[in-house]
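Keep the viewer open while you go through it.

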Amino acid sequence: MTLQQWCFSFRGRLGRRDFWIWQITWLLLLVLLFTIAGQGLVDTQNAAVCVVALLWPSSAVLVKRLHDRNKGGQWALLLVLGWMLMAGHWAMLPSEAQWLVRHFIPTLILVSMLVELGTFAGTPGDNRFGKPAQSVAFLRQRAVDYQ
């Protein structure tokens with residue numbers, strides 16, 4: 001799999017190693033971005049545009065990893081649900097229910113998705129999303145002739 005397929009294509013399957021490489025890369029990019037924005041070197045609006053630009057590759061990696069677990073991409077919408085629950089205004093609920101809806105359920109969703117995608121192996125052999133996951137070729141390999 002090429003870097004372009006890894007970051008921009010929603011087709012195929014992705015293994016755990018490449019999923020974790022993306023998660024670490026994404027986290028480092030966000031920390032760097034918010035550090036630079038916090039020091040005033042980058043405008044907040046430009047930082048927000050960069051965060052939005054990272055949504056496509058993050059979604060592509062997530063969907064391909066779900067495909068490796070033989071699940072459809074619609075399972076990624078659970079993360080959107082978790083975000084909506086955290087961001088919602090739940091003042092009309094009693095305090096215990098607010099905590100449940102705003103903190104516990106989104107945390108449960110995030111942890112279960114991370115365990116599902118980050119620790120469990122993909123389905124062996126072919127599945128409905130294609131052939132087994134191929135590693136991402138981060139560096140271009142040159143053909144070497146040993147004659």
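In which helix is the place of D18? D18 sits in helix α2, which covers residues 16-38. This is a predicted model, in which local features need pLDDT of at least 70, side-chain atom pairs count only at pLDDT 80 or more, and totals for chains, interfaces and linings use all residues. Residues are numbered from 1 along each chain as its sequence is written, and side-chain values use heavy atoms, with hydrogens and water left out.

**The chain as a whole**

- The secondary structure comes to six helices and zero strands, where helices (H or I, at least four residues) and strands (E, at least two) are DSSP runs numbered from the N terminus.
- Read from the N terminus on, the elements run α-α-α-α-α-α.
- The radius of gyration of the chain is 19 Å, well over the 15 Å that the globule rule gives for 147 residues, so the chain is more spread out than a compact globule. This radius is taken over C-alpha atoms, and the globule rule is 2.2 Å times the number of residues to the power 0.38.
- Along its principal axes, the C-alpha trace spans about 75 × 45 × 20 Å.
- Of the 147 residues, 27% count as buried; buried means under 20% relative accessible area, exposed over 50%, and partly exposed in between (1.4 Å probe, protein chains only).
- Among contacts between residues at least 6 apart in sequence, 77% join residues at least 24 apart; contact means heavy atoms within 4.5 Å.

**How the helices meet**

- Helix α3 (residues 44-53) and helix α4 (residues 55-68) have axes that come within 4 Å and cross at roughly 25°. Axes are lines fitted to C-alpha atoms, for helices over the stretch in contact, and angles run from 0 to 180 degrees between N-to-C directions.
- α3 and α4 are therefore roughly parallel to each other. Angles under 35 degrees count as roughly parallel, over 145 as roughly antiparallel, 65 to 115 as roughly perpendicular and the rest as oblique.
- On the α3 side V51, V52 and A53 take part, and they meet L55, W56 and P57 of α4. By class, this contact has six nonpolar, no polar and no charged residues. Ala, Val, Leu, Ile, Met, Phe, Trp, Tyr, Cys and Pro count as nonpolar, Asp, Glu, Lys and Arg as charged, and the others, Gly among them, as polar.
- The axes of α2 and α6 come within 8 Å and cross at roughly 130°, which makes α2 oblique to α6.
- R16, F19 and W20 of α2 make this contact with L114, L117, G118 and T119 of α6. Here the classes are four nonpolar, two polar and one charged.

**Buried residues to look at**

- D18 counts as buried, at 2% relative accessibility. Leaving aside neighbours within four places in sequence, D18 is in contact with W6, Q134, S135, V136 and F138.
- D68, in helix α4, counts as buried at 5% relative accessibility. Not counting residues up to four places away in sequence, D68 touches R13, L14, G15, G122, T123, N127 and A133.

**Loops and exposed positions**

- Q39 is in the loop between α2 and α3 and counts as exposed at 57% relative accessibility. The C-alpha atoms of Q39 and A121, 82 residues apart along the chain, are separated by 41 Å.
- N70 is in the loop between α4 and α5 (77-87) and counts as partly exposed at 31% relative accessibility.
- Phi of N70 is near 65°, a positive value in a residue other than glycine. Most residues other than glycine have a negative phi.
- L139 lies in the segment after α6 (95-119), and at 63% relative accessibility L139 counts as exposed.
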